[in-house]
Amino acid sequence: MGIFVIGMLLTFVGVAAERFHKTVASLAGAVVLIGIAVTIGLGGFGDYGYPYVYKILEHDLGVLGVIIGTGILVDITSKSGLFHFLGMLIVRSTRGEAGRLYFALCGLTFVFVALLTIVPAMLILSSLILVICRSLDYSPKPFLISSAICANSGAIVTFASGLPNIMIGSKAEIPYAHFLIVSAPYAVVSAIIAVIGLRLAFRHALPWKQSDEEKQALMEKIASFDPWAMVTSRKILYRSGIILAGTVIGFALAQPLGVGLDFVAIAGGVAALLFAMKSVEEAITKVNWTVILFFIGLFLVIGCVSQTGALTLAANQVVEISGSTPDNPKMLIVLLGIFSAVASAIVDNIPVAATLIPIIESIVASGFIAEPLWWVLILCCNLGGNGTPIGSISCVIALHALYKESGHHMGWGEFIKLGGTVMLIQVAGAIAFVLIYDAWGLFPALSHGATP
Amino acid sequence: MKFDKDMDESMKLFKAAQVGAAELPEARRPKRTLLVLDGSSQDLTTMQVGAYLRDELGSHLVLLDARENEPKGDILEPMKDFDGTVLPPPPVDQEGYDAILLIAGEEKCDLLVVPCPYERDFENVGADSTGAVIDVVLAHTTIPVWVVRSALLDGETICSQVDVVINRESSASALAAAWATGLIQTGGSLKLVVALESSAYTETIELMKKVKPDIDIRAEDLINALADAHRNLHTALIKAAGPQTWSYLYDIHEEPEDQAGFPIKPRNHTLNVIGFDRGQASAVNQLKDRICRSREMILVVPG
């Protein structure tokens with residue numbers, strides 16, 4: 001057991017360390033641990049030999065299907081210029097005024113991340129912010145940082161808004177619609193917390209009050225941007241929008257229709273390839289294969305470690321430390337929330353989610369109610385990313401853009417003062433939110449692992 | 001950082017949106033059109049063009065019948081109730097190009113429809129020559145010239161597909177677009193084509209690399225620069241398109257070196273509209289080459 005736990009921890013260190021590509025780290029960990037597992041006939045490997053690898057992966061094929069399908073769809077939709085068009089349209093409507101622009105960009109980030117996931121949305125928003133700020137002569141820093149922090153709120157809106165959601169939602173079989181009932185409302189609350197907090201923090205960073213002459217000058221500058229200039233084909237723009245909307249609706253209807261979310265994602269991707277894309281080769285090449293391989297490696301590492309019983313042991317330890325019982329899980333919820341948030345602030349939230357999923361499964365198997373545990377994990381491992389400059393890819397992208405644009409290197413201290421403060425309030429709010437929902441019986445029941 | 005390239009591309013797209021007020025020049029339609037018949041197989045197409053201009057756009061037609069032989073069949077057949085002006089053949093000692101330019105001026109025409117090659121069938125001359133007549137007409141005309149190359153095939157219609165072709169910087173691009181939007185059929189398909197022929201820049205890039213070996217410039221950069229220079233036009237066209245007007249497509253591509261030989265991507269007979277700055281030798285050569293290699297009609301709009 002010790003070797004496998006050490007192997008898993010080393011893999012996580014490799015994933016977190018910048019020296020290694022995280023995909024290489026996870027695959028290397030998988031290769032080593034599988035080799036050992038097969039050699040010593042660990043658990044299922046003893047019964048099935050090497051083919052047990054396929055048994056481990058078969059449970060996660062749905063996640064991979066969602067990543068592939070949404071990857072194709074998001075790339076094609078982005079290429080149609082739809083989100084660039086919408087972003088510029090919204091920005092123009094603010095007339096360039098600092099206050100309106102600030103709130104519009106935060107709101108846009110929230111919505112775009114909910115629809116596109118963090119990376120594509122942040123690339124669009126960061127580039128939009130830089131271009132607009134250059135034109136209007138604003139400092140990009142408040143916009144970039146606020147956008148990055150609001151992005152992590154957007155990431156908890158739906159099942160497909162973030163990779164941890166996809167992993168947790170697939171494993172726990174959480175229907176898409178449940179996200180709209182549970183996490184989406186808190187996503188809005190957490191975004192409001194972020195916007196209020198950051199608006200206060202940046203109260204001297206932008207000219208919040210502008211004279212009429214200044215407003216007129218800004219309006220003339222912003223009017224020089226025409227959203228249609230970015231669109232190469234109206235037909236493809238409209239088709240992309242329709243296919244994206246159809247896919248989102250499909251996600252919501254997947255469970256009643258009896259199909260998996262991966263089916264809907266792949267169907268959406270295929271529709272985009274058929275109706276909204278010129279180059280199929282280019283679209284498929286753009287699927288994030290490094291992420292997929294990273295997941296495969298990660299699932300295999302966790303799968304091997306699960307066979308040792310280490311994660312069950314960890315689950316028991318967690319329950320013991322919390323002092324919780326199935327009748328009174330409050331401290332367990334608090335502990336899981338804090339741990340997942342802090343861990344996500346330090347390392348990528350994907351391995352955090354991947355490790356905590358089997359632990360929560362063990363806890364649920366021992367008699368605890370599943371819903372509050374899954375939801376606190378979803379909320380906190382996303383929001384935890386606001387805690388440090390490396391906690392979330394949105395912060396990494398925004399800080400890199402800020403450095404490239406202005407040469408300003410935002411230190412850990414400065415960021416933690418902003419992001420860390422927001423994160424503390426958001427995570428405290430998330431834990432309280434989950435406890436209230438649990439106390440009032442507001443969580444929709446899951447079809448399995450539900451309330452006993 | 002691995003996202004730098006994606007971020008740069010996204011920024012380029014947003015920067016390209018800064019086009020200012022994108023207004024399309026008012027659509028141009030011919031009031032008086034000079035149709036030239038030369039006895040070649042292009043004559044039937046010329047009359048079909050005339051019929052379209054008269055019936056759909058209300059243009060008054062001036063017909064210069066320069067055919068030397070007895071007319072074969074009733075040339076006015078495509079045009080019922082011809083009510084335009086019919087001019088006799090020019091004197092035998094007058095060159096075709098002189099006659100065309102003179103009459104166009106006297107009749108105050110604002111569009112010329114001229115067959116090319118003049119007095120020869122397209123199938124005989126093919127991609128080898130445009131002929132002296134069209135060369136001189138293009139060199140001296142101040143009004144657009146509709147160059148008729150070959151007969152329409154069954155099912156092909158006039159101006160259901162119109163391409164505005166931009167293959168170099170030209171002061172006449174916006175005017176070319178105005179003519180394209182004026183001539184296109186309602187419900188037709190208008191395409192803005194930004195295309196650089198590799199012969200136009202390969203040698204220049206090689207020379208630049210000799211001057212500055214570490215320079216990193218590719219065809220893609222030049223094509224994108226040409227597209228960016230005409231982003232305003234694209235924006236105006238995409239906004240003007242719609243179910244009541246025409247559908248719009250935007251095509252940016254590099255035309256490969258071995259595109260010599262013809263035809264240039266024959267499709268349902270497309271009218272290619274090209275802005276043309278007279279006085280630039282390279283522009284003249286490029287235009288003549290394009291006319292040579294095309295069986296489709298080309299509208300040359302002088303700047």
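Tutor: Angles under 35 degrees count as roughly parallel, over 145 as roughly antiparallel, 65 to 115 as roughly perpendicular and the rest as oblique. The model is predicted: local features need pLDDT of at least 70 and side-chain atom pairs pLDDT 80 or more, while totals for chains, interfaces and linings use all residues. Residues are numbered from 1 along each chain as its sequence is written, chains are lettered from A and ligands numbered from 1 in the order in which they are written, and side-chain values use heavy atoms, without hydrogens or water.

Student: Are H17(A) and H20(A) roughly parallel or antiparallel to each other?

Tutor: Helices (H or I, at least four residues) and strands (E, at least two) are DSSP runs numbered from the N terminus. The axes, lines fitted to C-alpha atoms over the stretch in contact with angles from 0 to 180 degrees between N-to-C directions, of H17(A) and helix H20 (residues 349-365) of chain A come within 10 Å and cross at roughly 30 degrees. H17(A) and H20(A) are therefore roughly parallel.

Student: Which residues of H1(A) and H17(A) make their contact?

Tutor: The axes of helix H1 (residues 2-16) and helix H17 (residues 289-307) of chain A come within 9 Å and cross at roughly 155 degrees. That makes H1(A) roughly antiparallel to H17(A). H17(A) contributes Phe294(A), Leu298(A), Val301(A), Ile302(A), Cys304(A) and Val305(A), and H1(A) contributes Phe4(A), Met8(A), Thr11(A), Phe12(A) and Val15(A).

Student: Is the crossing of H7(A) and H12(A) left-handed or right-handed?

Tutor: Helix H7 (residues 98-116) and helix H12 (residues 183-201) of chain A have axes that come within 11 Å and cross at roughly 150 degrees. That makes H7(A) roughly antiparallel to H12(A). A crossing is left-handed if the near helix is turned anticlockwise from the far one by less than a right angle, and right-handed if clockwise. For H7(A) and H12(A), the crossing is right-handed.

Student: How much area do chain A and chain B bury between them?

Tutor: The contact takes 24 residues from chain B and 30 residues from chain A. Buried area is the accessible area (1.4 Å probe) that two parts lose on being put together, summed over both. For chain A and chain B, with 64% of it on carbon and sulfur atoms, the buried area is about 2600 Å².

Student: Which side chain meets Asp226(A) in a salt bridge?

Tutor: The rule for a salt bridge, a side-chain nitrogen of Lys or Arg within 4 Å of a carboxyl oxygen of Asp or Glu, finds three across the interface of chain A and chain B. At 2.5 Å, N to O, the partner of Asp226(A) is Lys239(B).

Student: Which residue does a cis peptide bond join to Cys116(B)?

Tutor: Most peptide bonds are trans. In the loop between strand S4 (111-115) and helix H4 (122-125) of chain B stands Pro117(B). With omega about 5 degrees, the cis bond joins Cys116(B) to Pro117(B).

Technical notes:
Contact means heavy atoms within 4.5 Å.
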